[in-house]
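Take a walk through this model, one feature at a time. Keep the sequence beside you as you read.

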Amino acid sequence: MNATLAVILALAVGTYAFRLVGPLLHGRVTVPPRVQELASAGAIVLLVALLTTGALTESGGFAGWARPAGVLAGGVLAWRRAPFAVVVLGAAATTALLRLAGVA
């Protein structure tokens, strides 16, 4: 077995273990409210960081203005509680129209 396959299997087993621990420990372990707040805040920070890097960078450089504008349009639609399909199509349409207009 090569090293790549071993790493993939180890990650698969670890992922399955994490998914299994939740239902097995539900009700047996109590997490303090402060830890729950920190975990929620940490998840939000990670999602914002992922969104930011995905929206602003491409191949180590700035992605241009069309992509961040599309992400912003999608974010506004999501904030206004539009259906998911509308959010995705609105973001894609905004980006496409800006690129069609010559905005990189």
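**Rings, helices and salt bridges**

Searching the whole structure turns up one aromatic pair. It joins F62 and W65, whose ring centres lie 5.1 Å apart with planes at 65°, so the pair is edge-to-face. The cut-off behind that label is an angle over 60 degrees. Distance and angle are both given because a pair of aromatic rings is described by the distance of the centres and the angle of the planes. W65 counts as exposed, because its relative accessibility is 62%. Bear in mind that this is a predicted model.

Next comes helix α3, residues 66-79. Which residues of α3 are buried? They are A66, P68, G70 and G74. These buried residues pack against two helices, α2 (33-56) and α4. Just after α3 sits R81, with a positive phi of about 65°.

Now move on to α4, which covers residues 84-100. This helix has 17 residues. From first C-alpha to last it reaches 24 Å, close to the 24 Å expected at 1.5 Å a residue. Its buried residues are V87, G90, A91 and T95. They cover an arc of only 120° around the axis, so they sit on the same side of α4. What covers them includes α3. Which exposed residues does the face turned away from the buried side carry? That face of α4 carries L89, L97 and L100. After α4 comes G102, whose phi is positive, near 100°.

Charged side chains are the last stop. How many salt bridges does a search of the whole structure find? It finds two.

One links R34 with E37, and their closest N and O atoms are 3.7 Å apart. Both residues lie in helix α2, three residues apart, about one turn of the helix. An α-helix has 3.6 residues a turn, so residues three or four places apart point the same way. R34 counts as exposed, because its relative accessibility is 52%. E37 has a relative accessible area of 49%, so this residue is partly exposed. The cut-off between the two classes is 50%.

The other salt bridge links E58 with R67. Here the closest N and O atoms are 2.7 Å apart. E58 is partly exposed, with a relative accessible area of 43%. R67 also counts as partly exposed, at 21% relative accessibility.

Definitions and conventions
Residues are numbered from 1 along each chain as its sequence is written. This is a predicted model: local features need pLDDT of at least 70, side-chain atom pairs count only at pLDDT 80 or more; totals for chains, interfaces and linings use all residues. Side-chain values use heavy atoms; hydrogens and water are left out. Rings of Phe, Tyr and Trp (its six-membered ring) pair if their centres lie within 6.5 Å; planes under 30 degrees apart count as stacked, over 60 as edge-to-face and the rest as tilted. Buried means under 20% relative accessible area, exposed over 50%, partly exposed in between (1.4 Å probe, protein chains only). Helices (H or I, at least four residues) and strands (E, at least two) are DSSP runs, numbered from the N terminus. The expected span of a helix is 1.5 Å times one less than its number of residues. The arc is that of the directions from the helix axis to the C-beta atoms. Contact means heavy atoms within 4.5 Å. A salt bridge is a side-chain nitrogen of Lys or Arg within 4 Å of a carboxyl oxygen of Asp or Glu.
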